Amino acid sequence: MEGMQDSYIFECKGVSKSFGGIRALDNVHLKVEKGEVHALLGENGAGKSTLMKIIIGLYHADSGTMTFEGKPYSVKGPAEAINYGISMIHQELNPGISFRKTSPFVFPS
Ligand SMILES: Nc1ncnc2c1ncn2[C@@H]1O[C@H](COP(=O)(O)OP(=O)(O)OP(=O)(O)O)[C@@H](O)[C@H]1O
Ligand SMILES: [Mg+2]
């Protein structure tokens, strides 16, 4: 709806990413309002991790834009993303790292 854009804390517009000939993400749009909880569902290889890795700066999108509080959002990696309160818990957990050690990244202050 027009005029509602300011309520979104985070937004992706038209994000695409290919790996060689594989189009992992094709024109992804995501709008997140403050306080919302979203679940991103999809089959294996659907592109869920790729989108998250772009958001935390591990991958660079081929095209598209992201905004945080309405301003352009672009980070060089997870250490910068955490300044925005954005972090990722990778599905491939290192069994040597305990939850206690990883939890500060789960709940940034
Ligand atoms: N670093 C990479 N190099 C090449 N191809 C990749 C890379 N990362 C992801 N892909 C490919 O991009 C597509 C999306 O993968 P992605 O890991 O984002 O899916 P996913 O939804 O997280 O899957 P899963 O449910 O298995 O975790 C797949 O075809 C995958 O093989
Ligand atoms: Mg994944």
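1. In this predicted model, the helix α1 gives the largest share of the shell around ligand 1, namely 3 residues. The elements that each give two or more residues to this shell are α1, which spans 48-55, and the strand β2, which spans 22-33.

2. Going through the shell residue by residue, one finds Phe19, Ile22, Ala24, Gly42, Asn44, Gly45, Ala46, Gly47, Lys48, Ser49, Thr50 and Gln91 around ligand 1. Sorted by class, the shell around ligand 1 holds 7 polar residues, 4 nonpolar residues and 1 charged residue.

3. Glycine 57 deserves a separate look, and its place in the chain is the loop between α1 and β3, where β3 covers 63-68.

4. Although glycine 57 and glycine 77 are 20 residues apart in sequence, their C-alpha atoms are 4.0 Å apart in space. Leaving aside residues up to four places away in sequence, glycine 57 touches Val75, Lys76, Gly77, Pro78, Glu80 and Ala81.

5. For the protein chain as a whole, the secondary structure amounts to 3 helices and 4 strands, and these follow one another along the sequence in the pattern β-β-α-β-β-α-α. The protein chain has 109 residues, of which 12% count as buried. Among the contacts in the protein chain with a separation of 6 or more, 45% are between residues 24 or more positions apart.

Notes
Residues are numbered from 1 along each chain as its sequence is written. Chains are lettered from A and ligands numbered from 1 in the order in which they are written. This is a predicted model: local features need pLDDT of at least 70, side-chain atom pairs count only at pLDDT 80 or more; totals for chains, interfaces and linings use all residues. A residue is near a molecule or strand if its C-beta atom, placed from the backbone, lies within 6 Å of it. Ala, Val, Leu, Ile, Met, Phe, Trp, Tyr, Cys and Pro count as nonpolar, Asp, Glu, Lys and Arg as charged, and the others, Gly among them, as polar. Two residues are in contact if their C-beta atoms, placed from the backbone, lie within 7 Å. A residue is buried if 20 or more other C-beta atoms lie within 10 Å of its own, exposed if 12 or fewer, and partly exposed in between; C-beta atoms are placed from the backbone.
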